[in-house]
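Please look at the chain below before reading on. The report covers its fold, its surface and its charged pairs.

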Amino acid sequence: RISLVLSEQTVQAAKIESLQSTVENLHNTITSQQTTINAQQGTITALQSAAALQDVMIEGLGSKGVSQQQTINSLLTSIDTHQTKIANVETMIEDLKTNNNYNPTSPSNNNNNST
């Protein structure tokens, strides 16, 4: 009967040892997973920072776009003004041709042929 008790205690001790090994393995797995989670949180934080930086860059590009559009509008206005001036000069040339017998090939440059 004593040997039966000792044998059962040996079996129980082996089971306890096995359970302790399982618990240790689970603890190591949890520690490894926690390390992975911490690394992933670091990656998420870095991605969030990059996204915030991109938002700032996009806002900056929007501002540049507005500024460039204003420059384009200013240039278009300037072109319109110059085209109007050119049209006025062309009209003046036509008037000169009509009213002063303008002849661009004349050696005297047609200085108002009025005498």
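The text below goes from the whole chain to single residues.

This is a predicted model, in which local features need pLDDT of at least 70, side-chain atom pairs count only at pLDDT 80 or more, and totals for chains, interfaces and linings use all residues. Residues are numbered from 1 along each chain as its sequence is written, and side-chain values use heavy atoms, with hydrogens and water left out.

The chain has 1 helix and 0 strands; helices (H or I, at least four residues) and strands (E, at least two) are DSSP runs, numbered from the N terminus. Helix 1 covers residues 2-100 and includes Met57.

Of the 115 residues, 2% count as buried; buried means under 20% relative accessible area, exposed over 50%, and partly exposed in between (1.4 Å probe, protein chains only).

The whole structure holds 1 salt bridge, that is, a side-chain nitrogen of Lys or Arg within 4 Å of a carboxyl oxygen of Asp or Glu. Lys97 forms a salt bridge with Glu94, with 3.5 Å between the closest N and O atoms. Both residues lie in helix 1, 3 residues apart, about one turn of the helix.

| Residue | Relative accessible area | Class |
|---|---|---|
| Lys97 | 37% | partly exposed |
| Glu94 | 44% | partly exposed |
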